[in-house]
Amino acid sequence: MEQVDRLRHTGLKATLPRVKVLELFQQSEQRHLAAEEVYRQMVRLGMDVGRATVYRVLPQFERAGLLKKTRIDGARTVYELNDGKRHHGHLVSLVDGSVREFFDSQIEARLLAIAQEQGFDMADYGVTVFGRPR
């Protein structure tokens with residue numbers, strides 16, 4: 001019922017595919033999911049949902065503020081639940097493509113200072129670090 005209320009609150013109709021996609025993000029151990037990963041997980045869970053439906057729902061959820069979208073390397077886009085937590089950066093594994101989050105107040109403070117020095121009011125930022133896990 002929580003998913004239905006959340007969808008209605010954003011103005012989206014609470015269709016079964018939308019409810020199931022939202023549930024997937026809320027219950028998945030993997031926090032950052034590409035559209036294709038969402039589709040595969042839905043199929044693996046026995047959901048009768050089309051690929052086109054998943055690719056259509058994710059941008060709708062982003063526009064409604066339910067999900068946040070991050071472009072990882074210009075070619076790959078992942079979505080994560082917009083849980084209202086503070087800004088964070090991403091660590092991307094060059095081995096398996098997995099994505100982890102990190103927060104560093106010093107980085108955020110420095111970015112804010114740089115923006116102000118350049119005459120900008122910082123509204124958002126994105127930091128992505130690529131590397132190999134140890």
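Strand β3 (residues 89–93) runs antiparallel to β4, and four bridges join the two, where strands are said to pair if DSSP finds at least two bridges between them. One of these positions is Leu91, whose bridge partner in β4 is Arg100. The model is a predicted one, in which local features need pLDDT of at least 70 and side-chain atom pairs count only at pLDDT 80 or more, while totals for chains, interfaces and linings use all residues. Residues are numbered from 1 along each chain as its sequence is written, and side-chain values use heavy atoms, with hydrogens and water left out.

The pairing of β3 with β4 belongs to an open sheet of three strands, ordered β4-β3-β5, in which the pairing is mixed. Its edge strands, each pairing on one side only, are β4 (99–102) and β5 (128–131). From one strand to the next the twist averages 25°, with axes taken as lines fitted to C-alpha atoms and angles running from 0 to 180 degrees between N-to-C directions.

Within strand β3 lies His90, which counts as buried at 4% relative accessibility; buried here means under 20% relative accessible area, exposed over 50%, and partly exposed in between, for a 1.4 Å probe and protein chains only. The side chain of His90 makes a polar contact of 3.2 Å with the side chain of Glu80. Such a contact is a pair of N or O atoms within 3.5 Å, one able to donate a hydrogen and the other to accept it within protein, and residues adjacent in sequence count only if both atoms are side-chain atoms. Leaving aside residues up to four places away in sequence, the residues that His90 touches include His32, Thr70, Glu80, Arg100 and Thr128, contact meaning heavy atoms within 4.5 Å.

A second pairing involves strand β1 (residues 67–71) and strand β2 (residues 77–81), which run antiparallel and are joined by five bridges. In this pairing, Thr70 stands opposite Val78 in β2. The two strands form a hairpin with five residues between them, and Gly74 in the turn has a positive phi of about 90°.

| Helix | Buried residues |
|---|---|
| α3 (residues 35–44) | Ala35, Glu37, Val38, Tyr39, Gln41 and Met42 |
| α4 (residues 51–64) | Val54, Val57, Leu58, Gln60 and Phe61 |

The buried residues of α3 pack against α2 (16–27) and α4. Helix α4, with 14 residues, reaches 20 Å from its first C-alpha to its last, close to the 20 Å expected at 1.5 Å a residue, the expected span being 1.5 Å times one less than the number of residues.

From the N terminus on, the elements run α-α-α-α-β-β-β-β-α-β. The C-alpha atoms fill a box of roughly 50 × 35 × 20 Å along the principal axes, and 34% of the 134 residues count as buried. Among contacts between residues at least 6 apart in sequence, 42% join residues at least 24 apart.
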